[in-house]
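Colleague: I would like to know what lies behind the labels used for this model. Please set each value against its cut-off.

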Amino acid sequence: MEKHVLGLELPTDPRWANIVEKQIDDILIDHAFCEQKAASSCISLIVQFPDKEKLVDMLTPVVAEEWAHFERVLEKMKERGVALGKKRADEYVKALNKIEKKGGSRDQQLMEKLLINALIEARSCERFRLLWKHLRDKELQSFYYELMVSEAGHYKNFLQLAKEYQPEETVNARWKEILAQEAEIMKTLEVRADRMH
(Lines give C-alpha, C1' and ligand atoms only; values in the text may rest on other atoms or scores of the structure.)
Protein backbone atom coordinates (compact mmCIF):
# COMPACT_ATOMS: atom_id res chain seq x y z
CA MET A 1 0.00 0.00 0.00
CA GLU A 2 2.50 2.60 -1.17
CA LYS A 3 1.78 6.29 -0.74
CA HIS A 4 1.21 6.88 -4.49
CA VAL A 5 -1.50 4.21 -4.53
CA LEU A 6 -3.33 6.32 -1.95
CA GLY A 7 -2.51 9.54 -3.79
CA LEU A 8 -0.72 11.10 -0.81
CA GLU A 9 1.90 13.63 -1.90
CA LEU A 10 3.98 13.68 1.25
CA PRO A 11 4.96 10.48 3.06
CA THR A 12 4.95 10.38 6.84
CA ASP A 13 8.19 11.53 8.44
CA PRO A 14 10.11 8.28 9.10
CA ARG A 15 10.92 9.49 12.63
CA TRP A 16 7.28 8.87 13.52
CA ALA A 17 7.64 5.13 12.92
CA ASN A 18 10.89 5.02 14.89
CA ILE A 19 9.63 6.73 18.04
CA VAL A 20 6.05 5.51 18.09
CA GLU A 21 6.87 2.10 19.54
CA LYS A 22 8.09 3.73 22.75
CA GLN A 23 4.67 5.35 23.19
CA ILE A 24 2.42 2.58 21.90
CA ASP A 25 -0.10 3.08 24.73
CA ASP A 26 -0.62 6.68 23.61
CA ILE A 27 -0.99 5.60 19.99
CA LEU A 28 -3.63 3.04 20.96
CA ILE A 29 -5.60 5.70 22.89
CA ASP A 30 -5.45 8.12 19.97
CA HIS A 31 -6.31 5.33 17.53
CA ALA A 32 -9.42 4.45 19.58
CA PHE A 33 -10.65 8.03 19.30
CA CYS A 34 -9.91 8.02 15.55
CA GLU A 35 -12.08 4.92 15.04
CA GLN A 36 -14.83 6.52 17.12
CA LYS A 37 -14.71 9.65 14.95
CA ALA A 38 -14.66 7.59 11.74
CA ALA A 39 -17.87 5.80 12.76
CA SER A 40 -19.60 9.03 13.81
CA SER A 41 -18.48 10.74 10.59
CA CYS A 42 -20.21 8.06 8.50
CA ILE A 43 -23.34 8.29 10.70
CA SER A 44 -23.31 12.06 10.21
CA LEU A 45 -23.21 11.65 6.39
CA ILE A 46 -26.11 9.18 6.49
CA VAL A 47 -28.11 11.56 8.74
CA GLN A 48 -27.38 14.58 6.50
CA PHE A 49 -27.95 12.80 3.17
CA PRO A 50 -30.59 10.09 3.82
CA ASP A 51 -31.96 10.56 0.28
CA LYS A 52 -28.68 9.38 -1.27
CA GLU A 53 -29.45 5.69 -1.50
CA LYS A 54 -26.00 4.52 -2.64
CA LEU A 55 -24.36 6.50 0.13
CA VAL A 56 -26.64 4.97 2.78
CA ASP A 57 -26.06 1.46 1.38
CA MET A 58 -22.29 1.86 1.16
CA LEU A 59 -21.66 3.65 4.46
CA THR A 60 -23.98 1.67 6.74
CA PRO A 61 -21.64 -1.36 6.86
CA VAL A 62 -18.65 1.02 7.22
CA VAL A 63 -20.20 2.43 10.42
CA ALA A 64 -20.38 -1.10 11.84
CA GLU A 65 -16.83 -1.86 10.73
CA GLU A 66 -15.34 1.33 12.21
CA TRP A 67 -17.18 0.73 15.50
CA ALA A 68 -15.89 -2.86 15.55
CA HIS A 69 -12.37 -1.45 15.08
CA PHE A 70 -12.99 0.87 18.03
CA GLU A 71 -14.01 -2.12 20.17
CA ARG A 72 -10.95 -4.07 19.07
CA VAL A 73 -8.58 -1.21 19.90
CA LEU A 74 -10.25 -0.98 23.32
CA GLU A 75 -9.56 -4.71 23.81
CA LYS A 76 -5.87 -4.19 23.00
CA MET A 77 -5.82 -1.33 25.51
CA LYS A 78 -7.49 -3.41 28.23
CA GLU A 79 -4.91 -6.16 27.73
CA ARG A 80 -2.25 -3.53 28.46
CA GLY A 81 -4.12 -1.88 31.35
CA VAL A 82 -4.60 1.36 29.36
CA ALA A 83 -7.71 3.52 29.90
CA LEU A 84 -9.38 5.60 27.19
CA GLY A 85 -9.42 8.79 29.29
CA LYS A 86 -10.40 12.22 28.00
CA LYS A 87 -11.05 13.12 24.38
CA ARG A 88 -8.02 14.52 22.57
CA ALA A 89 -7.87 17.36 20.07
CA ASP A 90 -7.03 16.16 16.57
CA GLU A 91 -4.94 18.95 15.01
CA TYR A 92 -4.78 17.11 11.68
CA VAL A 93 -8.56 16.78 11.28
CA LYS A 94 -9.04 20.36 12.49
CA ALA A 95 -6.67 21.58 9.77
CA LEU A 96 -8.45 19.46 7.13
CA ASN A 97 -11.84 20.85 8.13
CA LYS A 98 -10.49 24.34 7.37
CA ILE A 99 -9.79 23.37 3.74
CA GLU A 100 -13.30 21.98 3.21
CA LYS A 101 -15.10 24.38 0.86
CA LYS A 102 -18.33 25.59 2.41
CA GLY A 103 -21.32 26.71 0.35
CA GLY A 104 -22.18 25.64 -3.19
CA SER A 105 -24.85 23.09 -4.03
CA ARG A 106 -25.79 20.27 -1.68
CA ASP A 107 -23.99 17.79 -3.96
CA GLN A 108 -20.85 19.96 -3.93
CA GLN A 109 -20.94 20.04 -0.12
CA LEU A 110 -21.31 16.26 -0.11
CA MET A 111 -18.32 15.88 -2.43
CA GLU A 112 -16.19 18.01 -0.07
CA LYS A 113 -17.15 15.88 2.93
CA LEU A 114 -16.54 12.62 1.06
CA LEU A 115 -13.10 13.76 -0.15
CA ILE A 116 -12.02 14.90 3.33
CA ASN A 117 -13.12 11.51 4.68
CA ALA A 118 -11.24 9.73 1.87
CA LEU A 119 -8.11 11.68 2.79
CA ILE A 120 -8.32 10.80 6.49
CA GLU A 121 -8.71 7.12 5.57
CA ALA A 122 -5.75 7.33 3.15
CA ARG A 123 -3.48 8.89 5.78
CA SER A 124 -4.64 6.39 8.43
CA CYS A 125 -3.95 3.56 6.00
CA GLU A 126 -0.43 4.90 5.38
CA ARG A 127 0.22 5.13 9.14
CA PHE A 128 -1.16 1.63 9.77
CA ARG A 129 1.23 0.37 7.10
CA LEU A 130 4.16 1.90 8.98
CA LEU A 131 3.01 0.29 12.23
CA TRP A 132 2.65 -3.07 10.47
CA LYS A 133 6.14 -2.74 8.99
CA HIS A 134 7.99 -1.38 12.04
CA LEU A 135 6.41 -2.67 15.25
CA ARG A 136 8.23 -5.55 16.90
CA ASP A 137 5.07 -6.71 18.68
CA LYS A 138 3.86 -9.46 16.30
CA GLU A 139 0.27 -9.35 17.53
CA LEU A 140 0.01 -5.59 16.94
CA GLN A 141 1.78 -6.01 13.60
CA SER A 142 -0.90 -8.36 12.27
CA PHE A 143 -3.64 -6.18 13.82
CA TYR A 144 -2.41 -3.12 11.92
CA TYR A 145 -1.98 -5.08 8.70
CA GLU A 146 -5.64 -6.09 8.87
CA LEU A 147 -6.74 -2.51 9.61
CA MET A 148 -4.55 -1.14 6.80
CA VAL A 149 -6.41 -3.33 4.27
CA SER A 150 -9.77 -2.28 5.72
CA GLU A 151 -8.98 1.48 5.65
CA ALA A 152 -7.83 1.19 2.03
CA GLY A 153 -11.29 -0.18 1.21
CA HIS A 154 -13.01 2.72 3.02
CA TYR A 155 -10.82 5.24 1.19
CA LYS A 156 -11.99 3.76 -2.13
CA ASN A 157 -15.63 3.83 -0.95
CA PHE A 158 -15.50 7.58 -0.29
CA LEU A 159 -13.88 8.38 -3.63
CA GLN A 160 -16.34 6.16 -5.47
CA LEU A 161 -19.29 7.88 -3.75
CA ALA A 162 -17.93 11.33 -4.62
CA LYS A 163 -17.92 10.28 -8.31
CA GLU A 164 -21.46 9.01 -7.91
CA TYR A 165 -22.78 12.49 -7.14
CA GLN A 166 -20.40 14.75 -9.10
CA PRO A 167 -18.72 14.43 -12.53
CA GLU A 168 -15.49 12.42 -12.35
CA GLU A 169 -13.35 15.27 -13.73
CA THR A 170 -14.75 17.64 -11.04
CA VAL A 171 -13.94 15.11 -8.32
CA ASN A 172 -10.44 14.40 -9.68
CA ALA A 173 -9.59 18.12 -9.95
CA ARG A 174 -10.76 18.86 -6.40
CA TRP A 175 -9.06 15.71 -5.04
CA LYS A 176 -5.76 16.91 -6.54
CA GLU A 177 -6.17 20.30 -4.83
CA ILE A 178 -7.00 18.69 -1.48
CA LEU A 179 -3.98 16.35 -1.71
CA ALA A 180 -1.67 19.35 -2.30
CA GLN A 181 -3.24 21.20 0.65
CA GLU A 182 -2.88 18.13 2.87
CA ALA A 183 0.83 17.90 2.01
CA GLU A 184 1.23 21.52 3.18
CA ILE A 185 -0.63 20.71 6.41
CA MET A 186 1.67 17.73 7.02
CA LYS A 187 4.71 20.02 6.71
CA THR A 188 3.41 22.33 9.44
CA LEU A 189 2.28 19.68 11.94
CA GLU A 190 4.66 18.63 14.67
CA VAL A 191 5.77 14.98 14.44
CA ARG A 192 4.13 13.44 17.50
CA ALA A 193 4.51 9.86 18.64
CA ASP A 194 1.30 10.07 20.69
CA ARG A 195 -0.95 10.84 17.71
CA MET A 196 -2.11 8.62 14.87
CA HIS A 197 -2.13 11.61 12.46
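Colleague: Is the crossing of α6 and α8 left-handed or right-handed?

Modeller: This is a predicted model, and in it the crossing of α6 and α8 is right-handed. That word applies when the near helix is turned clockwise from the far one by less than a right angle.

Colleague: Which residues of α6 and α8 make the contact?

Modeller: On α6 they include Met-111, Leu-115, Leu-119 and Arg-127. Among those on α8 are Val-171, Trp-175, Ile-178 and Met-186.

Colleague: Arg-127 sits over which ring?

Modeller: The charged end of Arg-127 sits over the ring of Trp-16, 4.6 Å from its centre. The distance cut-off is 6 Å, and the charge must also be within 35 degrees of the ring normal.

Colleague: How many aromatic pairs are there in the whole structure?

Modeller: A search finds five aromatic pairs.

Colleague: Why is the pair of Trp-132 and Tyr-145 called tilted?

Modeller: The ring centres of Trp-132 and Tyr-145 are 4.8 Å apart, and the planes stand at 55°. Pairing needs centres within 6.5 Å; planes under 30 degrees apart are stacked and those over 60 are edge-to-face.

Colleague: What parts does the pair of Trp-132 and Tyr-145 tie together?

Modeller: Trp-132 belongs to helix α6 (residues 106–134) and Tyr-145 to helix α7 (residues 138–165), so the pair ties together parts 13 residues apart in sequence.

Colleague: What makes Trp-132 and Tyr-145 partly exposed?

Modeller: Relative accessibility is 27% for Trp-132 and 39% for Tyr-145. Buried would need under 20%, and exposed over 50%.

Colleague: Why is the pair of Phe-143 and Tyr-144 edge-to-face?

Modeller: The planes of Phe-143 and Tyr-144 are at 65°, with the centres 5.2 Å apart. Since the cut-off is over 60, the pair is edge-to-face.

Colleague: Are Phe-143 and Tyr-144 buried or exposed?

Modeller: Both Phe-143 and Tyr-144 are buried. Ring pairs also link Phe-143 and Tyr-144 with Phe-128 into a cluster, and the charged end of Lys-76 sits over the Phe-143 ring, 5.0 Å from its centre.

Definitions and conventions
Residues are numbered from 1 along each chain as its sequence is written. This is a predicted model: local features need pLDDT of at least 70, side-chain atom pairs count only at pLDDT 80 or more; totals for chains, interfaces and linings use all residues. Side-chain values use heavy atoms; hydrogens and water are left out. Rings of Phe, Tyr and Trp (its six-membered ring) pair if their centres lie within 6.5 Å; planes under 30 degrees apart count as stacked, over 60 as edge-to-face and the rest as tilted. Helices (H or I, at least four residues) and strands (E, at least two) are DSSP runs, numbered from the N terminus. Buried means under 20% relative accessible area, exposed over 50%, partly exposed in between (1.4 Å probe, protein chains only). Contact means heavy atoms within 4.5 Å.
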